[in-house]
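Please open the structure in your viewer and keep the selection tool at hand.

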Amino acid sequence: MAIGSIIGYHHYKAETEINSMTWKIMYDEVTIPESIFKPSCISLRSLAKRQSQFTLASDDIASLGEEHIFIPVGVYKSTRVAIKPISVEPLIITRSLMLELKRMKDLQHENLVKFYGACVDGPRRFLLTEYCPKGSLQEILENNQIQLDWMFKISLMQDIVRGMNYLHNSEIRFHGNLKSSNCVVDSRFNLKVTDFGLQNIRKKPFDIDDANSNAYNYYGRHQNF
C-alpha cells in the first residue's frame, strides 16, 4: 500500500504539473508590433559598407555593433522575445503536446535559447523564445568582412557542444534540424542553439513554401542597402 501510495502521489503530481500549463501565455500579455510579419532587416552584411576590413578578435568582440532582426520581435514582461508562428490547423492541445511544452519550459541552459511559452488562444498563435540580438552564426560566417580568430571559433564550437550535450541528455533528446542559421548569438556573444523541440507545430518562417528556405536566407535575398 505504501509503494502504491508513493507511485500514485508522483503520478498525481506529474499530472498536476502538466495540467497547470505554466507555458501558456495570454495574447494580451505580449506587445506585438503591427509589422510582425515584416521584420526589419538589419544585417552584418551592412558592415561591408565600411571601407576597411577588420578582424574579430576575442578581446574586441564588441565591435560587431548593431543588432540583427530576421524574425518578428515582441515584448513579454518587459523582455524582448522572438515570435515564432504556430502552423498546425486546427491546433489540438493533447496531453502529449502539453507534456512537451512543459519539458521545453523546464529546459534551462546557457547555450540553449530560453523557451518562454506559447500563445494558443489568441487571434494569432505563436511560440515565444529568447531573442538573441547579434544574429545567427550563418550570418557571421558568410560575412567576408569579418575574420574570426581561432580563440573565438573554439569558443563558438564549445558553446554548440555544451548546448547539444545538454539537449541530448534532456527529455527533448534531440534537435533534428541543427544548422548554422539556428545557432544564434546573444548580447554577451554566447552562442545558443534554437529551433529544437515542438517540430510538429512550428511554422515555416514567414510562410515560405520552399522547405529548404529559412528566415535568414529569405531576408538575405530581399535586403536593400
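Begin by selecting strand 4 and strand 6, which run antiparallel and are joined by five bridges. Strands (E, at least two residues) and helices (H or I, at least four) are DSSP runs, numbered from the N terminus. Two strands count as paired if DSSP finds at least two bridges between them. Within this pairing, K84 stands opposite L127 of strand 6. The model is a predicted one, in which local features need pLDDT of at least 70 and side-chain atom pairs count only at pLDDT 80 or more, whereas totals for chains, interfaces and linings use all residues. Residues are numbered from 1 along each chain as its sequence is written, and side-chain values use heavy atoms, with hydrogens and water left out.

**The sheet around strand 4**

Keep strand 4 (residues 79-85) selected and colour it by accessibility. Five of its seven residues are buried, so that the strand is mostly covered; buried means under 20% relative accessible area, exposed over 50%, and partly exposed in between (1.4 Å probe, protein chains only).

G74 stands opposite V81 of strand 4. In the hairpin of these two strands, which has two residues between the strands, K77 takes a positive phi near 55 degrees.

Next, select strand 1, which is joined to strand 3 (residues 73-76) by two bridges in an antiparallel arrangement. Here T31 stands opposite V75 of strand 3.

In what order do the five strands form the open sheet? The order is 1-3-4-6-5, and the pairing is antiparallel. Strand 1 (30-31) and strand 5 (115-119) stand at the edges with a single partner strand each, so one side of each has no neighbour in the sheet. In general, strands of a sheet pair through backbone hydrogen bonds, either parallel or antiparallel.

**Two aromatic pairs**

Display the aromatic side chains. A search of the whole structure finds two aromatic pairs. Rings of Phe, Tyr and Trp (its six-membered ring) pair if their centres lie within 6.5 Å; planes under 30 degrees apart count as stacked, over 60 as edge-to-face and the rest as tilted.

Select Y27 and F126. Their ring centres are 6.1 Å apart and their planes stand at 55 degrees, so the pair is tilted. This pair links distant parts of the chain: Y27 lies in the loop between helix 1 (2-20) and strand 1, and F126 in strand 6 (residues 126-130), 99 residues apart. Y27 is partly exposed, with a relative accessible area of 25%, whereas F126 counts as buried at 2% relative accessibility.

Then select Y76 and Y116. The ring centres of Y76 and Y116 are 6.2 Å apart and the planes are at 70 degrees, so this pair is edge-to-face. Y76 belongs to strand 3 and Y116 to strand 5, so the pair ties together parts that are 40 residues apart in sequence. Y76 counts as buried at 8% relative accessibility, and Y116 counts as buried at 14%.

Select helix 2 (residues 95-106). Its twelve residues reach 16 Å from the first C-alpha to the last, close to the 16 Å expected at 1.5 Å a residue; the expected span is 1.5 Å times one less than the number of residues. Which residues of helix 2 are buried? They are L97, M98, L101, K102 and M104. Seen down the axis of helix 2, they fall within an arc of 160 degrees, so they line one face of the helix; the arc is that of the directions from the helix axis to the C-beta atoms.

Move on to helix 4 (residues 150-168). Its 19 residues should span 27 Å at 1.5 Å a residue, and its end C-alpha atoms are 27 Å apart, which agrees. F152, L156, D159, G163, M164 and L167 are buried in helix 4. They cover an arc of only 120 degrees around the axis, which puts them on the same side of helix 4. On the other side of helix 4, W150, M151 and V161 are exposed.

Finally, select E171, in the loop between helix 4 and strand 8 (183-185). E171 counts as exposed at 51% relative accessibility. E171 and M104 are 67 residues apart in sequence, with 8.8 Å from C-alpha to C-alpha in space.
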